[in-house]
Amino acid sequence: YELEINRIYLSRTGQRFKLLKKGVRYALDCSIFMVVFTNINPTKDQPAGTEWILDEDTFIKTFTEEK
């Protein structure tokens with residue numbers, strides 16, 4: 001599926017995350033695209049609003065679109 005900025009995605013554990021930015025390139029290998037996202041609710045170890053970075057392929061495999 002195509003990732004959308006400001007859309008809510010669910011982790012495998014059901015946590016809600018908002019996609020902030022996509023298309024960021026990894027500095028050591030510019031063929032790897034990264035995404036920046038934030039948790040809507042606190043996780044067990046981070047407050048709400050924490051920013052996270054993950055490669056786009058792993059994000060797509062790990063997160064699903066909230067319906």
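E66 and R16 join in a salt bridge, with their closest N and O atoms 2.7 Å apart (a salt bridge is a side-chain nitrogen of Lys or Arg within 4 Å of a carboxyl oxygen of Asp or Glu). This pair ties together distant parts of the chain: E66 sits in the segment after β5 and R16 in strand β2, 50 residues apart.

A quick word on the model: it is predicted, so local features need pLDDT of at least 70 and side-chain atom pairs count only at pLDDT 80 or more, while totals for chains, interfaces and linings use all residues. Residues are numbered from 1 along each chain as its sequence is written, and side-chain values use heavy atoms, leaving out hydrogens and water.

By the salt-bridge rule, the count comes to four. Among them are these:

| Pair | N to O distance |
|---|---|
| E66 and R16 | 2.7 Å |
| R7 and E65 | 3.1 Å |
| R7 and E4 | 3.5 Å |

E4, R7 and E65 link up in a network of salt bridges. R7 is partly exposed at 25% relative accessible area, and E4 is partly exposed at 40% (buried means under 20%, exposed over 50%, partly exposed in between, using a 1.4 Å probe and protein chains only).

Now for the strands (DSSP runs of E, at least two residues, numbered from the N terminus). Five of them make an open sheet in the order β4-β3-β2-β1-β5, with antiparallel pairing (two strands pair if DSSP finds at least two bridges between them). β4 and β5 stand at the edges with a single partner strand each, so one side of each has no neighbour in the sheet. Strands β2 and β3 are joined by eight bridges.

Note on methods:
Helix = DSSP H or I, 4+ residues; strand = E, 2+ residues; numbered from the N terminus.
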